[in-house]
Amino acid sequence: MEEKTQRQDVPNYFKRLKAQNGLQTIVVREFEKADNLKVQQIFYDGMMEMVADTAFRGLRHHPESLLLYTAMAVVCFVITMCWWVIGLVPSIVLYGRYFYSRRVIHRYLEHTMSRDMGDIEGFYNKSPDSCLWVAVLDGKVVGIVAAVGRQKPRGAVELQRMSVDRSCRRRGVGMALGLKVVEFAVTHRYSSVVLGTTAYKPTAHLLYQRLGFHCVGFTNGYGTPDVRLDLLERIFYRMCHHHYKLNVSNSKITENGQH
Ligand SMILES: CC(C)(COP(=O)(O)OP(=O)(O)OC[C@H]1O[C@@H](n2cnc3c(N)ncnc32)[C@H](O)[C@@H]1OP(=O)(O)O)[C@@H](O)C(=O)NCCC(=O)NCCS
């Protein structure tokens with residue numbers, strides 16, 4: 001009850017959390033049961049975009065993987081003494097990276113379905129410390145984001161599940177969703193918003209920076225949280241987890257995301 005009152009007490013610039021986009025208006029509202037399929041689809045599509053990103057773009061960010069593949073090529077050559085085997089290695093590596101990235105990300109998606117994304121209402125919207133919102137544009141659900149509060153009071157809110165329908169990108173939807181999470185953190189008196197991303201392409205990083213987040217570190221590794229990997233997956237799937245943080249104590253955030 002107290003939480004509901006707090007949600008109504010937000011400052012004006014948060015209350016009017018709409019991003020004007022030409023004639024269209026983005027409305028961010030709490031998840032409803034009828035949104036379930038669309039929300040799962042947007043999340044699935046966003047995660048599947050990570051496959052090519054991790055497999056191909058990620059290669060440039062992991063010199064240790066390139067070293068490993070070179071060593072594999074040399075060993076193949078020494079064993080077979082055939083030059084054409086070396087020529088085949090790049091294709092095998094790229095295929096392996098795509099195949100195993102897809103497999104790991106699929107398993108991660110299965111894991112999320114057995115957890116929060118399989119029961120969104122039960123997981124997010126029944127506790128005052130968490131919520132999942134949808135962005136509605138032109139009457140259609142086009143984006144999602146969730147917040148999970150940790151270590152109350154004065155702890156952090158974790159922003160997660162940020163994804164926008166591909167056909168509605170660069171129209172301020174991600175911004176509106178991010179601001180909603182910041183509003184949640186301020187209203188519920190958390191001190192910061194934190195998030196992690198394994199994306200290599202700059203889009204998500206630019207969005208978070210635009211929202212005022214700072215990268216506070218990164219973890220290089222094999223594991224996507226809660227997913228265990230076998231040897232081949234460890235060889236072909238490698239990722240970098242970037243950690244972002246935004247302090248919201250005393251923050252003044254406008255609808256444009258300026259502080
Ligand atoms: C990342 C993502 C959520 C951004 O959503 P979006 O609705 O397109 O973002 P916005 O339109 O609100 O963009 C906000 C700002 O982010 C930056 N940005 C977003 N997309 C960009 C792009 N393709 N190129 C350059 N800058 C970009 C810009 O600074 C932009 O502000 P501007 O348009 O005023 O320049 C969306 O691309 C997405 O869903 N990607 C796939 C899933 C994903 O990566 N999720 C994040 C996992 S952590």
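Modeller: Helices are DSSP runs of H or I with at least four residues, strands are DSSP runs of E with at least two, and both are numbered from the N terminus. The model is predicted: local features need pLDDT of at least 70, side-chain atom pairs count only at pLDDT 80 or more, and totals for chains, interfaces and linings use all residues. Residue numbers start from 1 along each chain as its sequence is written.

I take helix α8, residues 202-210. Burial comes from counting C-beta atoms, placed from the backbone: 20 or more others within 10 Å make a residue buried, 12 or fewer make it exposed, and anything in between is partly exposed. In α8, A204, L207 and Y208 are buried. Viewed down the helix axis, the buried residues of α8 fall within an arc of 95 degrees, so they line one face. That arc is taken over the directions from the helix axis to the C-beta atoms. The face turned away from the buried side carries P202 and L206, which are exposed.

What covers the buried residues of α8? The cover includes α7 (173-187), β6 (192-197) and β8 (239-247). Contact here means C-beta atoms, placed from the backbone, within 7 Å. After α8 comes G212, with a positive phi near 105 degrees.

Helix α7 returns in the core. A nonpolar core is a set of buried Ala, Val, Leu, Ile, Met, Phe, Trp, Tyr and Cys residues joined through C-beta atoms within 7 Å. The largest one has 58 residues, and A135, V157, V173, V181, A185 and V193 touch the most other members. The biggest contribution to this core, 10 residues, is from α7. In soluble globular proteins, nonpolar side chains tend to be buried together. Take A135: beyond four places in sequence, its contacts are I26, V28, V142, G143, V173, A176 and L177.

The loop between β5 and α7 deserves a stop. D165 lies in it. D165 is partly exposed, because 19 other C-beta atoms are within 10 Å. Beyond four places in sequence, D165 touches I42, V142 and G143. D165 and F43 are 122 residues apart along the chain, yet their C-alpha atoms are separated by 8.7 Å. R170 is in the loop between β5 and α7 too. R170 counts as exposed because it has 9 C-beta neighbours inside 10 Å. Its phi is positive, near 60 degrees, although R170 is not a glycine. Most residues other than glycine have a negative phi. D138 likewise has a positive phi near 60 degrees. D138 sits in the loop between β3 (130-137) and β4 (140-150). With 11 other C-beta atoms within 10 Å, D138 is exposed.

For contrast, look at helix α4 (residues 63-80), where C76 is found. C76 is partly exposed, with 16 other C-beta atoms within 10 Å. Leaving out residues up to four places away, C76 touches V85, I86 and V89. C76 and I86 are 7.3 Å apart, C-alpha to C-alpha, and 10 residues apart in sequence. V75 counts as exposed, since it has 10 C-beta neighbours inside 10 Å.

Now the whole chain. It has nine helices and eight strands. Of its 259 residues, 33% count as buried. Among contacts between residues at least 6 apart in sequence, 71% join residues at least 24 apart. Last, confidence: pLDDT is the predictor's confidence in each residue, from 0 to 100. The chain averages 86, and 84% of the residues score at least 70. Over residues 1-20 pLDDT stays under 50, and the model has 25 contacts beyond four places in sequence for them.

Note on methods: Two residues are in contact if their C-beta atoms, placed from the backbone, lie within 7 Å.
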